[in-house]
Amino acid sequence: MSTTTNSPTADELRSRAASIRGRNLQMVQAAGLGHPGGDLSAADIVTTLYFSVLNVDPENPEAPGRDRYIQSKGHASGVLYTALAQRGFIPEALLDEYMAEGSPLNGHPDRNKVAGVETNTGPLGHGMPVAVGCALAAKLDGASWRTYVLTGDGELQEGSNWEAFMSAAHYDLDNLVVIVDRNRLQQGARTEDTNGLDPLDDKLAAFGWAVREIDGNSVDELLDTFAAVPFVPGKPSAIIANTKKGRGVSFMEDRVEWHHKVPTPEQVEQALTELSA
Amino acid sequence: MSDLYDCREAFQRTLVELAADDERIVAVVNDSTGSSKLGAFGKAYPDRLINVGIAEQNMVGVGAGLANGGKVPFVSAASPFLTGRALEQIKADVAYSNTNVKLCGQSPGLAYGELGPTHHSIEDLAWMRAIANLTVVVPADPIETEQVIRWAASTVGPVFIRISRMPVPAVHDDDYVFEPGVATRLRDGSDVTLVTCGVLVSRALEAADRLAEEGISARVLNVPTIRPLDRDALLAAATETGGIVTAEEATVHGGLGGAVAELLSTEHPTPMRILGVPGVFAPTGSTDALLTRFGLTAEGMAGAARDLVQARVAA
């Protein structure tokens, strides 16, 4: 089963997500670099996974039977590193070195430098194929661990994802879960004004996936949905997680410029006030 | 005429044999079971032959994921598509991520001569050699192919193995043991050195025979590992023979010749000739015809060696 030893309540997860968001923004501000919009849209998903769903052990990050979490949207390294730190995989003090010269915390995650990272992402469309390989390995071994992959929505414009979606269904990988962070914004504009993805649910269903669409910033919905995996035995599970880019901070929400804009110290203060409210 | 061998046979035979004792070994293909000669593997281990269809990016990513899950994947596909289509996956998912993936580039170089430049894989050595943390190996005959596959299966880390389909004679003895990064001196010589790999090694030996008849003593170095290069063997060849001819079934830009030139130009400048496809898209034609056209023959190598020796005498 994919559970951690101590299951926090939904309220505790919400509080954890707020803490991760705040620390994440401080980190981006200190580094002068980052992708805070996509960090914050994914924060509830990443928090729910690391603190309630994933069977992972910071003391033994490479345990063969661990669940695999693959963050295909590697540019959202801020939320990944913050979650890994708060979950005990890396020292919290290391977050002060985000993207500093020679730091293990590259702008995009490196599994050889950061415990808990499964594969090096950054170029888009890489996570899904790797996740399919992980899920196949588990199937070959008759093992019960699961693979979870988080993709951006814009990144689904990369064709490699669809190659992997086909494979996952072909191999009946019901031990594989994709969560699409559907914030509807990519770097330069809205996804639907760039290279539209809708109807995404129908597309994924046509590729052989069991699809659920939820509020991806709702911890309650995330918990319920992860508990229902696999949605259909014999099929891979897709969660279209409708989110807001910059979620949780009023002046950042759903604004394209926060894809990689860096907040000022004053803006971080305001964000922390809003997040603690 | 000595017997000729298709190195893919040694590849598949060895893989089937290793897989019997090592459950972690799997093969990943892109509808390339036949061209990779993996039919017997699939028969013996149907669940462990993963055919992702015509999807090279997915194929390499799946290989990386299988390695993450503890498998030892041999990802096998025609080299132009494996290295060209999935280049970023090879860089990020395999080499940079440091996953235990064995990339097997089949039918490389000019093997698909008649099919035209889309299917010629003359860039693969340059592309693969430019990627950090990726060992690049080009076996010359079935004995070396078997050795390389055994080594790759038993060693943790990313590797690219370029496996030819062109029938070649055996150039190694049965007791040959491949070591990564080690070149083998197949013929001693003092006037010039022929540096080759893969299907051209037997032709280099023939070139050395011709040169010997003319009184030119040519050393022959088989350099199966393009990266990392055997610096000692190459610096010794440069120092002791004073001239280097490289020959490869690839573009002259960035492959074996490029690697040797980078080394020698900085550490021991030495006159060189670099034989290969000279920066053009090759015309259609049989492999043999194209190798001949670009001087990748015993006579082509002997001619280049003669040039070097005569230039030295004239100087």
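## Sheets, helices and a chain contact

In β3(A), A:L150 has A:I179 as its bridge partner. Keep in mind that this is a predicted model. Overall, strand β2 (residues 147-152) of chain A and β3(A) are joined by six bridges and pair in the parallel sense.

How much of β3(A) is buried? Seven of the seven residues of strand β3 (residues 176-182) of chain A are, so the strand is largely enclosed by the rest of the structure. In a regular strand, side chains alternate between the two faces of the sheet. Here both faces of β3(A) are covered, with A:L176, A:V178, A:V180 and A:R182 buried on one side and A:V177, A:I179 and A:D181 buried on the other.

Zooming out, β3(A) belongs to an open sheet of five strands in chain A, ordered β1-β2-β3-β5-β4 and paired in parallel. Its edges are β1 (68-71) and β4 of chain A; each has a single partner strand, so one side of each lacks a neighbour in the sheet. From one strand to the next, the twist averages 20°.

Now for the helices of chain A. In helix α8 (residues 219-227) of chain A, the buried residues are A:V219, A:E221, A:L222, A:T225 and A:F226. Viewed down the axis of α8(A), they fall within an arc of 160°, so they line one face of the helix. The cover over the buried residues of α8(A) includes α1, α2 (36-53), β4 (210-215) and β5 (237-242) of chain A.

Helix α1 (residues 10-31) of chain A also meets helix α9 (residues 265-276) of chain A: their axes come within 10 Å and cross at roughly 180°. That crossing makes α1(A) roughly antiparallel to α9(A). On the α1(A) side the contact uses A:A18, A:R21, A:G22, A:L25, A:Q26 and A:Q29, while α9(A) brings A:P265, A:V268, A:A271, A:L272, A:L275 and A:S276. By class, the residues of the contact of α1(A) with α9(A) come out as seven nonpolar, four polar and one charged.

Chain B has an open sheet of its own, built from seven strands in the order β2-β1-β3-β4-β6-β5-β10, with mixed pairing. β2 (49-51) and β10 (225-227) of chain B are at the edges with a single partner strand each, so one side of each is left without a neighbour in the sheet. The twist in this sheet averages 20° from one strand to the next. Within the sheet, strand β3 (residues 72-78) of chain B pairs with strand β4 (residues 102-106) of chain B in the parallel sense over five bridges, and B:A77 stands opposite B:G105 in β4(B).

| Helix | Strands it lies across | Angle |
|---|---|---|
| α3 (residues 56-68) of chain B | β1 (25-29), β2 and β3 of chain B | about 165° to β3(B) |
| α7 (residues 142-154) of chain B | β1, β3, β4, β5 (135-137) and β6 (159-163) of chain B | about 160° to β6(B) |

Finally, where do the two chains meet? The contact takes 24 residues from chain A and 23 residues from chain B. On the side of chain A that touches chain B, α4 (127-141) and α5 (159-170) of chain A each supply at least two residues. α4(A) gives the most to that side, with ten residues. Sorted by class, the side of chain A that touches chain B has twelve nonpolar, eight polar and four charged residues.

Technical notes
Residues are numbered from 1 along each chain as its sequence is written. Chains are lettered from A and ligands numbered from 1 in the order in which they are written. This is a predicted model: local features need pLDDT of at least 70, side-chain atom pairs count only at pLDDT 80 or more; totals for chains, interfaces and linings use all residues. Two residues are in contact if their C-beta atoms, placed from the backbone, lie within 7 Å. Helices (H or I, at least four residues) and strands (E, at least two) are DSSP runs, numbered from the N terminus. Ala, Val, Leu, Ile, Met, Phe, Trp, Tyr, Cys and Pro count as nonpolar, Asp, Glu, Lys and Arg as charged, and the others, Gly among them, as polar. Axes are lines fitted to C-alpha atoms, for helices over the stretch in contact, and angles run from 0 to 180 degrees between N-to-C directions. Angles under 35 degrees count as roughly parallel, over 145 as roughly antiparallel, 65 to 115 as roughly perpendicular and the rest as oblique. A residue is buried if 20 or more other C-beta atoms lie within 10 Å of its own, exposed if 12 or fewer, and partly exposed in between; C-beta atoms are placed from the backbone. The arc is that of the directions from the helix axis to the C-beta atoms. Two strands pair if DSSP finds at least two bridges between them.
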